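I opened this notebook to record what I looked up in one structure.

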Amino acid sequence: MTTATARACANIALVKYWGKRAIAGNLPATGSLSLTLAALVTETRVEFDGALAADELVMDDAAADATRVTAFLDLVRARAGIATRARVTTRNEFPTASGLASSASGFAALALAATKAAGIALDPRELSRLARAGSGSAARSIFGGFVRMRTGDTDAEAYAEPIDSPLVDRVRMVIAIVGSGAPKTYASRDAMEHVAATSPLYPSWLVAVPRDLAAAEDALAMRATHAKAGDDAALRALGELAEANALAMHATAIAARPAIIYWQPATIALLAAVRTLRGNGRAAWATIDAGPHVKVLTTVDDADHVARALAGVEGVTATTISGPGEGARVIA
Ligand code: PMV
């Protein structure tokens with residue numbers, strides 16, 4: 001086979017990946033934990049063609065710079081023992097002009113389509129390691145539902161894996177888009193390096209993450225007190241620590257020198273709206289990535305109410321409700 005098409009969903013981290021122990025291969029400094037989202041999909045077609053002198057990339061119908069794709073395809077070519085260049089066509093089925101990061105779904109779909117088109121079959125773990133080389137968060141988008149990324153002592157051990165949890169049927173994520181969706185000013189890969197090098201809060205972040213991961217895994221497994229108290233207590237525990245973890249990540253960035261501040265006024269207003277929703281008895285916990293948008297963890301029962309409330313916040317241009325998504329798959 002020389003052509004293949006794959007689909008992958010983006011994921012939102014509940015315990016963030018924010019810092020690398022090695023830049024080559026995107027080896028993470030800590031583990032992370034995410035939810036794959038059905039509403040944010042990338043579809044990617046890869047065609048190896050002996051007539052091409054260089055890789056070509058078409059993204060959302062426009063020719064795009066293929067530098068990162070070529071670096072990634074070189075890894076696939078080395079494994080497959082081929083030198084053939086490829087035509088890569090990729091489309092993001094994301095809320096319009098959302099400015100949401102698509103590198104996770106993008107590199108997960110590319111890893112799957114490119115290996116399939118090159119005639120090599122990788123198991124999901126190997127595929128996850130390969131996707132990580134494209135973008136750290138892409139390792140998690142190989143899988144559906146809740147996913148843990150392992151730090152691993154070696155490169156071979158740094159892969160993601162799915163976590164079974166009864167909460168997967170209960171959760172929804174409301175995505176509130178802030179502003180026009182213009183490209184973010186500071187890409188996460190550069191930002192995490194700058195933060196690790198200059199933020200006085202970064203060492204504390206490295207201490208906090210393993211604790212947050214352990215607590216998140218307890219909540220997902222409904223261990224300890226959650227088992228007796230039921231789904232909602234477990235979801236509350238997960239939501240509370242996800243919000244605290246995201247704010248801690250942003251604290252490291254704000255304390256970097258010079259500071260990296262992703263928040264817009266509407267971001268802060270959304271955090272306040274989420275607190276108000278909680279005060280009114282709704283399930284709502286916020287998380288924020290390398291941009292101004294706010295993603296709110298909620299339940300299937302409260303998702304519509306939460307989305308309506310967030311849509312009314314000044315500066316919010318769109319809201320989307322998403323359920324958990326599937327892992328990456330080949331479709332042609
Ligand atoms: O995969 P990258 O290099 O785009 O990093 C993603 C970083 C965050 O989105 C901020 C956190 C995460 O774990 O997804």
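Is K295 buried or exposed? I found that K295 is buried, with a relative accessible area of 5%; buried means under 20% relative accessible area, exposed over 50% and partly exposed in between, with a 1.4 Å probe and protein chains only.

**Basis of the entries**

I worked on a predicted model, in which local features need pLDDT of at least 70, side-chain atom pairs count only at pLDDT 80 or more, and totals for chains, interfaces and linings use all residues. Residues are numbered from 1 along each chain as its sequence is written, and side-chain values use heavy atoms, with hydrogens and water left out.

I located K295 in strand β12 (residues 294-299); helices (H or I, at least four residues) and strands (E, at least two) are DSSP runs numbered from the N terminus. The side chains of K295 and D289 are joined by a polar contact of 2.9 Å. A polar contact is a pair of N or O atoms within 3.5 Å; within protein, one must be able to donate a hydrogen and the other to accept it, and residues adjacent in sequence count only if both atoms are side-chain atoms. Leaving aside neighbours within four places in sequence, I listed the contacts of K295 (heavy atoms within 4.5 Å), including I12, L100, M173, W285 and D289.

I then followed D289 to the ligand: a polar side-chain atom of D289 lies 3.3 Å from a ligand oxygen atom. For S135 the corresponding distance to an oxygen atom of the ligand is 2.7 Å, and for S137 it is 2.6 Å. The protein covers 93% of the 390 Å² of accessible area that the ligand has on its own, by the Shrake-Rupley method with a 1.4 Å probe. I noted 14 residues surrounding the ligand, of which the closest are Y17, S135, S137, R140 and S188; a residue is counted if one of its heavy atoms lies within 4 Å.

**Domains and cores**

I recorded domain 1 (3-165) and domain 2 (167-322), with bounds from an automatic or database domain assignment. Their centres, taken over C-alpha atoms, are 23 Å apart, and 36 residues of domain 1 are in contact with 42 residues of domain 2.

Which residues of the largest nonpolar core touch the most other members? In this core of 44 residues they are L14, W18, L33, F146, L167, L238 and L297. A nonpolar core is a set of buried Ala, Val, Leu, Ile, Met, Phe, Trp, Tyr and Cys residues joined through side-chain atoms within 4.5 Å. Each of domain 1 and domain 2 gives at least three residues to this core. Beyond four places in sequence, F146 is in contact with residues including L14, L35, L167, L220 and L238. Another core, of 37 residues, lies apart from it and has L110, A111, A118 and F143 among its members.

**Helix α3**

I placed L127 in helix α3 (residues 124-134), and S128 is in helix α3 as well. L127 counts as buried at 5% relative accessibility, and S128 at 0%. With residues up to four places away left out, L127 is in contact with A111, L112, T115, L122 and I142, while S128 touches A139, I142, F143, Y159 and A160. I also noted that S128 and A158, 30 residues apart in sequence, are 8.7 Å apart in space, C-alpha to C-alpha.
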